[in-house]
Amino acid sequence: MTDVKTTTEPLLSIRDLRTYFHMGSVTARSVDGVSFDVGAGETVGIVGESGCGKSVTALSILRLIQPPGRIEPGSVIAFEGKDLVTLGDEEIRNVRGNRISMIFQEPMSALNPVFTVGDQVAEVARIHAGVSRKEAWNRAVEALSLTGIPAPGDRAKQYPHQLSGGMRQRVLIAMALMMKPALVIADEPTTALDVTIQAQILDLLVGLQKQFGTSILMITHDLGVIAETTSRVIVMYAGEIVEQAAVDELFAKPHHPYTEGLMFAMPHIGRDQERLNVIPGTVPAPTAWPVGCRFRERCPYSWDLCEREHPPLYQIGAGHISRCHLAIEPERRNHPHPPLVVQEGAAA
Amino acid sequence: MIDTSAPLLSVRNLKKSFPIKKGVFGRQVGAVQAVNDVSFDVAPGETLGIVGESGGGKTTAGRAILRLIEPTSGSIKFEGRDVCALDTRGLRAIRREMQIIFQDPVSSLNPRMTIGAIIREGLIIHKLAQGAAADARVKQLLEEVGLRKEYATRYPHEFSGGQRQRIGVARALSVEPKLIICDEPVSALDVSVQAQVINLLQDLQRERNLTYMFIAHDLSVVEHIANRVAVMYLGKIVELATSEDLYREPLMPYTQALLSAVPVADPAARKERIILQGDVPSPANPPSGCVFHPRCHHPAKDEACSRIVPPLEEKAPGHLAACIKQPPTIVSWEQQQQAGGVRPPERYLPIAAVH
Amino acid sequence: MLTPIRGFAALSGAARVALAVLAAIAIVAAFAPLVAPYDPAAQPDIVGAKNLPPSAQHPFGTDPYSRDVLSRVIYGARLSLAIGFLATMVSLTLGVAYGAVAGYAGGFVDALMMRILDALLAIPRLLLLIAILAAWTRLSVGALVLFLGLTGWFGLSRIVRGQVLALTEAEFITSARALGASRRRILARHLLPNLISPIAVAATLGVAHVIVLEVGLSYLGIGVAQPEASWGNIIHDGSDQVATLWWMSLFPGLLMVLTVMMLNIVGESLRDAYDRR
């Protein structure tokens with residue numbers, strides 16, 4: 001899975017996506033100039049902490065951004081020969097749930113409590129395939145059985161509250177796969193689930209992806225989930241992509257200090273560590289990103305250049321890019337210093 | 001420094017059941033066994049981790065020990081004192097020595113009190129300091145948990161999740177407890193912030209010789225911080241061992257599945273995993289015999305597992321597990337055969353469970 | 001977050017205007033003897049000065065007893081606002097006490113108290129009041145306040161009970177217990193301060209509701225008795241000749257609508273500020 005698929009025409013191609021939230025006098029630049037591709041059949045991961053812009057990126061692709069949020073003019077989301085940003089309302093609805101579908105984090109709130117799960121899965125087929133009620137129901141039961149729900153015919157007649165968290169997530173997956181979409185966006189699909197149920201769901205997603213050749217955009221804060229399910233990883237920080245690489249390369253040779261920090265901040269089973277590595281401070285507010293490098297104040301390597309110049313995405317290796325000036329002065333990595341933020345926890 | 005000569009906390013046969021009520025006047029129609037016959041000791045200075053999935057009873061056990069919910073039966077001894085026998089006055093006094101830190105950094109702080117008032121409350125209740133002395137103590141506590149002392153006049157909503165968690169820690173420390181029950185203290189936090197709070201807890205433990213009961217669903221966090229780990233499933237402890245033993249040699253099939261399910265942040269280490277079938281059964285209607293038997297993958301699983309309640313017994317020195325198919329066991333093969341057993345116990349440790 | 005002071009800062013612009021309007025009405029009502037041009041009960045010329053349309057001398061006209069309507073509306077504001085405020089105080093006290101006890105006690109006590117409440121809520125308030133007030137002829141204003149208050153706490157106690165139940169689940173309450181706080185301390189320091197916001201919302205809307213009720217009852221002739229002036233009984237006095245004595249229902253009516261609207265705006269804004277925190 002190491003090869004980065006470089007088909008002539010990527011399935012999804014995002015260029016300079018900027019999604020801003022205009023709140024009176026301040027503007028939150030939640031997604032601030034993001035560009036990446038997803039190839040056909042590829043699983044791409046987006047990883048980052050809360051507030052980095054990964055979920056807003058996902059919602060922007062399906063144009064699910066509500067005012068005061070807005071996709072800024074000049075942003076391009078090319079998908080199957082169309083620019084989703086400029087698509088009419090009718091046309092974007094034809095894409096949603098049909099060519100691109102989404103799996104949300106919280107399966108309970110993503111389902112309507114007053115309809116049976118079968119009705120809700122069937123509705124997708126009613127909307128996009130225009131089939132009869134009976135046919136839609138049959139397809140729904142079939143989709144539910146694909147996701148490994150036992151006795152799908154009976155389960156389809158139940159309401160969301162009668163199902164466990166894992167079962168509800170399977171229902172959402174059935175809805176997402178109903179129309180055999182080209183792309184599935186999974187936004188923290190297992191975060192609300194217990195670990196053994198998470199294993200079931202990830203196993204299911206990977207299996208279905210192999211079976212149907214669907215592309216998956218996996219959005220998560222969990223590097224473990226990224227390592228186990230994706231072939232290429234995008235690391236986001238402060239509304240920007242800070243690093244992108246094939247999954248093996250990223251874990252073996254993380255370049256950006258933020259990626260590195262994330263990896264060492266996590267305890268690993270079987271790794272003996274006295275203390276965990278800490279990234280001091282917190283993600284800055286999207287209304288006031290720092291000038292220069294946005295990670296500068298939390299970074300152990302930063303120097304004057306980082307304050308002066310916002311780093312571009314440097315090419316590090318084949319398919320490996322990083323938004324860090326260390327690319328041009330690599331020897332500075334050997335001389336870490338305490339980060340600038342004198343912040344909670346640094347002293348403790 | 002762990003002192004194993006006498007336990008700080010000793011829990012025996014702890015049970016907590018919640019009635020299931022129905023109808024206009026809440027007639028009891030059944031009971032959920034949230035904690036079902038749980039026994040363990042915690043030595044002074046040690047960290048006992050408690051892991052398991054939701055519905056396992058970890059949180060209920062933690063709160064029952066503090067009598068924040070009344071245990072149904074069993075005994076809880078803190079430094080030899082019987083916690084269950086205490087009256088209101090005695091309970092208030094002992095709560096000075098046992099504290100709790102919560103998971104949710106939002107709901108665990110009163111939105112209408114300043115940070116200073118929140119931290120000061122324990123000092124006032126237990127008459128530890130007053131007036132200027134209390135102010136000074138609050139500032140000192142804030143600095144100890146890595147916050148600025150000026151924060152005392154602010155309100156909780158002005159702080160991030162990690163900072164709120166630090167405030168919760170300062171509140172618990174204010175009464176100088178010996179034992180702190182940490183109930184999922186980092187699971188609501190981002191990875192980098194999580195590391196900050198874990199390091200803080202470890203530093204405080206070293207400086208003050210604190211004892212922790214660390215409840216979490218994240219197995220890697222627990223391995224990092226705990227000396228010993230108890231695994232709970234459907235209200236029971238199914239395995240209890242030192243952290244090294246448990247993660248190197250998990251004996252209870254549930255622990256094996258749990259460990260194998262953790263996604264590993266290393267693509268080079270992709271491996272086989274044990275995928276459990278089905279969901280956790282309802283604690284209102286737990287399976288007979290071994291509560292894990294319907295989902296169990298042990299090759300020797302048979303009828304006996306559904307009939308015999310497995311005792312939590314020593315499989316190796318200091319390593320307890322509840323499984324009649326994992327030798328050695330005091331449930332003899334004859335007894336198992338009488339209960340319909342057809343496969344004799346055999347040692348089973350799948351490679352997928354070992355990290 | 002909504003401390004009382006920052007609560008006002010959190011109010012919307014519209015709500016601040018509404019609050020200013022309400023304050024103006026309240027001040028005029030409070031200083032009625034200084035503001036009103038005439039004695040509201042004086043009948044200077046029952047023949048010559050009755051039923052006069054609005055003029056420079058009588059901006060709101062006069063009534064069939066030759067009394068100045070403007071003066072009566074000003075004194076009426078005093079009574080209508082006072083009744084609204086006091087009756088709400090009565091229902092607030094009862095509702096908070098009942099709801100807090102039920103929510104905090106829980107179990108069988110709670111179940112029983114809630115079933116009693118269900119029964120009370122099943123009786124329409126207006127019908128209940130009409131029955132009571134029709135049975136007692138010529139009721140004092142104090143008794144009217146009492147009856148309005150006594151019938152107005154059912155819904156509020158439900159809100160309070162719900163809030164108490166939600167709050168007792170909150171971990172900061174558990175934490176206070178873990179620190180060894182007494183029941184009284186938890187109630188005073190943790191429960192009540194967090195109940196103030198929803199109670200303030202309910203009370204503001206409650207005052208508006210009582211004002212409308214009083215006007216309705218007085219209009220029916222079973223509320224505030226003559227010669228006292230209330231917005232309701234001014235309308236009542238002109239009710240048999242609405243078409244000709246239009247000023248008698250228009251001005252007190254407008255004032256009532258204005259007051260109630262302003263109260264609702266403040267209430268809604270308080271609710272928004274509370275939800276936002």
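Buried, as I use the word in these entries, means under 20% relative accessible area. I also note at the outset that I am working with a predicted model.

**Entry 1: a strand in chain B**

I looked up strand β6 of chain B, residues 98-101, and asked which of its residues are buried. In a regular strand the side chains alternate between the two faces of the sheet, so I took the two sides in turn. On one side I found B:Met98 and B:Ile100, and on the other B:Gln99 and B:Ile101; these are all buried, so by the under 20% cut-off both faces of the strand are covered.

I then looked for a neighbour of this strand, and found that β6(B) pairs with strand β7 of chain B, residues 179-183, in the parallel sense and over four bridges.

**Entry 2**

Next I traced an open sheet of eight strands in chain A, whose order I wrote down as β7-β8-β9-β3-β10-β11-β13-β12, with mixed pairing. The edge strands are β7 (100-103) and β12 (314-317) of chain A, each of which pairs on one side only. From one strand to the next, the twist averages 20°.

In which sense do β11 and β13 of chain A run? I found that strand β11 (residues 240-246) and strand β13 (residues 320-322) run antiparallel and are joined by two bridges. Here A:Gln244 of chain A stands opposite A:Ile321 in β13(A).

I also checked two helices against this part of chain A. Helix α1 (residues 54-61) lies across β3, β7, β8, β9 and β10 of chain A, and runs at about 145° to β9(A). Helix α8 (residues 195-212) lies across β3, β7 and β9 of chain A, and runs at about 155° to β9(A).

**Entry 3: where chain C meets chain B**

The size of an interface is often given as the accessible area lost when the parts come together, so I began with that value. Chain C and chain B bury about 2,600 Å² between them, with 55% of it on carbon and sulfur atoms. The contact takes 27 residues from chain C and 31 residues from chain B.

How many salt bridges are there between chain C and chain B? I noted a count of two, including the one that C:Glu171 forms with B:Arg63, where the closest N and O atoms are 3.1 Å apart. I also noted 17 residue pairs in polar contact between the two chains, counting pairs with both residues at pLDDT 80 or more. On the side of chain C that touches chain B, α5 (107-121), α9 (171-178) and α10 (183-219) of chain C each supply at least two residues, and α9(C) gives the most, with seven residues.

Notes. Residues are numbered from 1 along each chain as its sequence is written. Chains are lettered from A and ligands numbered from 1 in the order in which they are written. This is a predicted model: local features need pLDDT of at least 70, side-chain atom pairs count only at pLDDT 80 or more; totals for chains, interfaces and linings use all residues. Side-chain values use heavy atoms; hydrogens and water are left out. Buried means under 20% relative accessible area, exposed over 50%, partly exposed in between (1.4 Å probe, protein chains only). Two strands pair if DSSP finds at least two bridges between them. Axes are lines fitted to C-alpha atoms, for helices over the stretch in contact, and angles run from 0 to 180 degrees between N-to-C directions. Contact means heavy atoms within 4.5 Å. Buried area is the accessible area (1.4 Å probe) that two parts lose on being put together, summed over both. A salt bridge is a side-chain nitrogen of Lys or Arg within 4 Å of a carboxyl oxygen of Asp or Glu. A polar contact is a pair of N or O atoms within 3.5 Å; within protein, one must be able to donate a hydrogen and the other to accept it, and residues adjacent in sequence count only if both atoms are side-chain atoms.
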